[in-house]
Amino acid sequence: MVTLKELATKDNLFVSGHHLCPGCSIPVTLKILLRSTQFPVVVSNATGCLHTGSTVYPHTSWRVNYMHSSSSNASAGMSGIQATYKALKKQGRLPVDNRLKFLVVGGDGATYDSGFSAVSGAMERGEDFVYLCCDNQMYAGSGGQRSSASPMGAATTTTPAGSVLPGKLQFRKDITRIMAAHKIPYVAQSSPWFWQDLYRKSEKAFETPGPTFINVLNPCPGEWKIPTGKSIEMSKLAADTCVWPLYEIENGNKITVNYKPKEKLPVTAWLESQDRFIHLLKSENKWIVEKIQEEVDKDWEFLLSSQVEKTRIN
Amino acid sequence: MSSMRALNGSSAVALAVKQAVPDVVAVHPILPTTLIAKDIAALIADAELDTEFLNMESEHSAMSSCIGASASGGRVFTTAAAQGLAAMHDLLYIASSYRLPIVTAIANSALSAPLAIGPDHSDMMGQSNCGWIQLMSENSQEAYDNIIQAYKIAEENGVRTPVMVGMDSLCTSHTIENVIVENEEAVTDFLGKYDAQNSLLDSDNPKTIGSYCGNDYYFQHKLEQSKGIESSRKAIKEVGKEFGDRFGRYYGYFESYKLDDALTAVVVMGSAAGTVKEWIDKLRSKGEKTGVLKLRILRPFPHQELGETLTQFDRVLVLDRSLVPGTDGGPLFNELKAALYEFENHPQVLSYIYGLGGRDLGLKHLEELEALLGETEDIETAGLKHRQVGYINPGI
Amino acid sequence: MKDRHEIIPGVVSNEPGSSLKNSTSNYRRGQKPEFNGSTCINCFFCWVFCPENAIIVEHEKVAGINYDYCKGCGICVNECPVKREPLPLIMVDERVEI
């Protein structure tokens, strides 16, 4: 396993000077993921925090080829990029030994919602790319509206907690398992705090031919209403409460759980830590907390019972 | 060597695409473009064409993948019609802003609602603000010739602007006609290789395409973008002449048919031009001085050339195959009238809307307009005011 | 500001990493992290978790903080595992230049 000191010697492909919020965990995710392949990367990025924060004209924080086109089509754009790549290689217009890696980056809005059909289509066509979902559980870039990644009970600007409504009343979509249902070679869920896990999964995703999907929880201090210094710690809390389990699924059915907390914390520990859930601590909303705990436990049991190998902790 | 083949517009387009040797074809077929996708897929399956064929899950994704493919240095092609073209709307602006020479074949059909697949120009007219070059074809021959010229115009240095080539759905796309097709080597030689600029696959020179832009730069980007389509005015003429020199069929902004000594000009686009020409022939045999101006280039709108030509006439009848609710007359009529404003002589310009949703324009319908062709007073006798929009065979 | 003659057709920015020209120190709101190397164990957690790549590394050791880009988020202070005084990273008040 690589060490952080070794990682620190690798080229920086996403540089300082970007306009993402203080404490945003997306650049941390990119820092780890982009170092996990030795080959040049071509990025297709949907509209969202990352695009608007990192490409403010005339500057760009990217040191790789990068394309943005729209909010819902990063995967489709990538389908075209890698089709031309295949065509040019076949025709000899690119050297036979030319190696490129293709990375699609989308937020939860672009992945779970508006770009869902494009992601699904690209997965079904079996194209060769890594899809990174930077999941901050809402449309954070446009000011914190709910997405289908927003968890039950979350207060967002379009599902606010008021006198008659207690935030979002639907469970979030389990996009990781939906992607696994496409029977693509590799799907994983990870978090920035466990950098070794994220690095290993990124490396594996880049090396696996065909479409691969990594869903990374990216706590957002601005919209989750947490102190800016706590975003990495928050991603660990998500794993310790099993709200965001770290696991991988190979070929649609081989599940491996990668992190089992020494002591599984109740979801209240997660909910109490962020102002977007603070209204759930009221007695009249206890039923929501119970529903959330029930769902977390159900999903966690499913993963533990379905896994093929024993839990491994890296 | 050219040869004559019996092809419908779809097959003619597919053949032209084959001869252009694209690197990527990304489609989400919608009636009436399905035959184009079918033909291209069959060519690939039988090893007659080697291209990457992407079966995209939506039209929006089809245009997205064309953007990615073209930005990576590939020559690309896609098709669209009606709602499919409308679904591509947000990407069309992006494709032209990125200055990508994407060629798209449009089987012009009616926009929903109600749902209809008959020939109608509302889909193409609805996209005339997105910065694409727009060509209209009268028949399968023109569809074939226009696709080939589209690549050459789009890829010209200084132009680098995407092109949509329209042909009327069903009347052209599904109707078999005689088409002169050229030898593949001659077409490939005419087009040359696509010389990509700023490719995403060039890792020695990484770049960012599609920045976020504040109000301090957006305006400049748009002005820069306009240079491309403005440069195409010259390129369209040059390519049309070069095509003619090479293959014997010359093209320009429009075709003039019996306009030389005409008093009345009829302006039309698309397949109805055939019927209109037949009407004009009949009128000429009766001594009426009429002619047809068949518009080929919708964007960039050739306002100067149209103005110079049309101000010579006493009367101009503009036939529109689309209706824009809330405006006075058809869209082509309005744009033409505005172009004529700059000139000293203002002919009478009348708007007629025909053929919506694929309703046929027959000779007998045109013959009902003959009352308009006399002196100005006759119009009043016929009960039509100068500015009233007319509808040909509306059914109500 | 670039004038229009410098705009590359196609919304292309061809200077990779040019955001380095843009200092983001003005994101700090009155606090900044301060580094003391005497107790630092060079675990590099601060380096990996800094969203701004503002932790300076020299010869396999953490050497300091690049205040041109530090936004004062405090992740480095929060993630530093050292509990022994003097702490390698602490937040201190900073006068904000207006």
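Are R200(A) and E248(A) buried or exposed? R200(A) is buried, and E248(A) is likewise buried. The legends below describe close-up views of a predicted model.

**Figure 1. A buried salt bridge joins R200(A) and E248(A).** The two side chains meet with an N to O distance of 2.9 Å. R200(A) belongs to helix α8 (residues 195-207) of chain A and E248(A) to strand β7 (residues 247-250) of chain A, so the contact ties together parts that are 48 residues apart in sequence. Over all chains, the structure holds 42 salt bridges.

**Figure 2. R177(A) and D299(A) form a salt bridge between two helices of chain A.** The closest N and O atoms of the pair are 3.8 Å apart. Because R177(A) lies in helix α7 (residues 175-180) and D299(A) in helix α12 (residues 286-306), the pair ties together parts that are 122 residues apart in sequence. Both partners are partly exposed: R177(A) has a relative accessible area of 29%, and D299(A) one of 27%.

**Figure 3. In chain B, D281(B) and K258(B) meet in a salt bridge.** The N to O distance is 2.7 Å. D281(B) is part of helix α10 (residues 272-285) of chain B, while K258(B) sits in the loop between β10 (254-257) and β11 (264-268) of chain B; the pair therefore ties together parts that are 23 residues apart in sequence. D281(B) counts as partly exposed at 29% relative accessibility, as does K258(B) at 37%. Elsewhere, salt bridges with shared partners join E138(B), E142(B), E255(B), K277(B) and K294(B) into one network.

**Figure 4. The rings of Y85(A) and F102(A) form an aromatic pair.** Y85(A) is buried, with a relative accessible area of 9%, and F102(A) counts as buried at 5% relative accessibility.

**Figure 5. Ring pairs link F190(B), F243(B), F247(B) and Y251(B) into a cluster.** The cluster is formed by aromatic residues of chain B.

**Figure 6. Charged side chains lie over aromatic faces in chain A.** R99(A) is placed over the face of F39(A), at 4.4 Å from the ring centre. K173(A) lies over the face of F116(A), at 4.0 Å from the ring centre.

Technical notes:
Residues are numbered from 1 along each chain as its sequence is written. Chains are lettered from A and ligands numbered from 1 in the order in which they are written. This is a predicted model: local features need pLDDT of at least 70, side-chain atom pairs count only at pLDDT 80 or more; totals for chains, interfaces and linings use all residues. Side-chain values use heavy atoms; hydrogens and water are left out. A salt bridge is a side-chain nitrogen of Lys or Arg within 4 Å of a carboxyl oxygen of Asp or Glu. Helices (H or I, at least four residues) and strands (E, at least two) are DSSP runs, numbered from the N terminus. Buried means under 20% relative accessible area, exposed over 50%, partly exposed in between (1.4 Å probe, protein chains only). Rings of Phe, Tyr and Trp (its six-membered ring) pair if their centres lie within 6.5 Å; planes under 30 degrees apart count as stacked, over 60 as edge-to-face and the rest as tilted. A charge sits over a ring if NZ of Lys or CZ of Arg is within 6 Å of the ring centre and within 35 degrees of the ring normal.
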